[in-house]
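This report goes through one protein model, feature by feature. Please keep the sequence and the structure in view while reading.

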Amino acid sequence: MLNNELIFQPPIIAHRGASAFAPENTLVAFYKAKLMGVNWVEFDVMLTADDEVVVIHDEKLNRTTNGSGYVINHTLLDLQKLDAGSWFDPTFKGEKIPTLIEVIDLLNQLKLSANIEIKAQQGKEELTVKKVLSIILEQWKNNHSKPLISSFSLQILEYVRKYSSTSLLGFLMDEWDEEWKKICDRLNCTAVNVNYKILTLERVQSIKSTKRKLLAYTVNTAKLAKQLFSWGIDGIFSDCPEKILRSLVTPVPVK
Ligand code: G3P
Ligand code: MG
C-alpha cells in the first residue's frame, strides 16, 4: 500500500541546505535552513575510498572544497582535512565535508527531516545503499518523519527496496520517463521528485492522480513557486527557502 505519511509544511525543502546562504551540504547550511523556518532539507551522499558515507554533491572535490580528484579515491580522514567552506565565502573557512552520521545527528537535534539523495559511483551501488540504510537505522531519532530516500539511479532505488521494505522512496526525474508510473508502482515510491523544467499541468495532474507526493527542483523564484503550487505540487526544493517562504505570505503576480 502507498505510504503517504509525508507532510511538507511549509512546502519548501532546503536544497543542499540553505545553499544560497552557506556552503552547500555542510552542517552550517542545514543549521541555516532551520533558522529560515523550514522542516525539511535535501542533501546528497556518496561513499569514500574506505566505505564511509559522506555528504557532498559532486563526485569530484574541485568545486566545493580545496581538494581535487574523486571523492571515491579519498579516505574519510583525507576528506576531513579539506576546507569545504572557503570556496563559497571566506567567512565559512574551516567548514568540513560532513559524514552522514554527523548530519543525521544535527537533524535529530534540530528536529529536521531529510530527503537523502544517494549518488553512488558505478559498481558501488549496493554497498552504498547498505551503508546508508544501516546508518539511518542506527542514527535516525527524528520521529516526526522518516527520511525520504531518492536517487536518479534505478539500480539504487531497487537496492533500497530490496533491503528495506519500509523505506520511503522518491523517484527522481531530470528527463521525463514515460515508465515513471510503472516503476513507482513496482518500487512502491511515495514521492516523485521532478525537475520543474519538465513539468506541465497535465504531468502534475497525472502524478497527483496516483496519490503520490510531487516535489519539484530547483525552484529559486517566488513567481515560479507560485505557479507550481497553483498546479498542485506538494513541495519545492529551493536554495533560498526564506525568500520563497516570505512570498507565500506576500502576493506575487503570476503572469
Ligand atoms: O533531489 C533534488 C535535486 O537535488 C536533484 O539534483 O543535482 O541538485 O542533486 P541535484
Ligand atoms: Mg540532490
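Helices (H or I, at least four residues) and strands (E, at least two) are DSSP runs, numbered from the N terminus. D44 and E117 are both buried. Buried means under 20% relative accessible area, exposed over 50%, and partly exposed in between (1.4 Å probe, protein chains only).

## Basis of the values

This is a predicted model, in which local features need pLDDT of at least 70 and side-chain atom pairs count only at pLDDT 80 or more, while totals for chains, interfaces and linings use all residues. Residues are numbered from 1 along each chain as its sequence is written, chains are lettered from A and ligands numbered from 1 in the order in which they are written, and side-chain values use heavy atoms, with hydrogens and water left out.

## Salt bridges

A salt bridge is a side-chain nitrogen of Lys or Arg within 4 Å of a carboxyl oxygen of Asp or Glu. By this rule the model has 13 salt bridges. One of them joins the side chains of E24 and R16, at 3.0 Å from N to O. Both E24 and R16 are buried. A network of salt bridges links R16, E24, D58 and R63.

Another salt bridge is formed by K162 and E126, at 3.9 Å from N to O. This pair links distant parts of the chain, with K162 in helix α5 and E126 in helix α4, 36 residues apart. K162 counts as exposed, at 56% relative accessibility, whereas E126 is partly exposed, at 27%. The side chains of E179 and K182 also meet in a salt bridge, at 3.3 Å from N to O. Here E179 is partly exposed at 38% relative accessibility, and K182 is exposed at 57%.

## Aromatic pairs

Rings of Phe, Tyr and Trp (its six-membered ring) pair if their centres lie within 6.5 Å; planes under 30 degrees apart count as stacked, over 60 as edge-to-face and the rest as tilted. The count by this rule is 8 aromatic pairs. In one of them, the rings of W87 and F88 have their centres 5.6 Å apart and their planes at 75°, so the pair is edge-to-face. W87 is partly exposed at 33% relative accessibility, and F88 is partly exposed at 27%.

F152 and Y217 form an edge-to-face pair, with 6.2 Å from centre to centre and 75° between the planes. F152 lies in the loop between β5 and α5 and Y217 in strand β8 (residues 213-217), so the pair ties together parts that are 65 residues apart in sequence. F152 is partly exposed, with a relative accessible area of 42%, while Y217 is buried, at 10%.

Ring pairs also link W87, F88 and F92 into a cluster. R63 lies over the face of W87, 5.9 Å from the ring centre. A charge sits over a ring if NZ of Lys or CZ of Arg is within 6 Å of the ring centre and within 35 degrees of the ring normal.

## Cysteines

A disulfide is a pair of cysteine sulfur atoms within 2.5 Å, and the count by this rule is 0 disulfides. The cysteine sulfur closest to that of C189 is in C184, 4.1 Å away, which is too far for a bond. C189 is buried at 0% relative accessibility, and C240 is buried at 7%.

Helix α5 (residues 154-163) has the buried residues I156, L157, Y159, V160 and R161. Among the elements that cover these residues are β4, α4 (125-139), β5 (148-151), β6 (168-173) and α6 (180-187).

A49 lies in the loop between β2 and β3 (53-55) and is partly exposed, with a relative accessible area of 38%. Not counting residues up to four places away in sequence, A49 touches V71, I72, N73, H74 and T75, where contact means heavy atoms within 4.5 Å.
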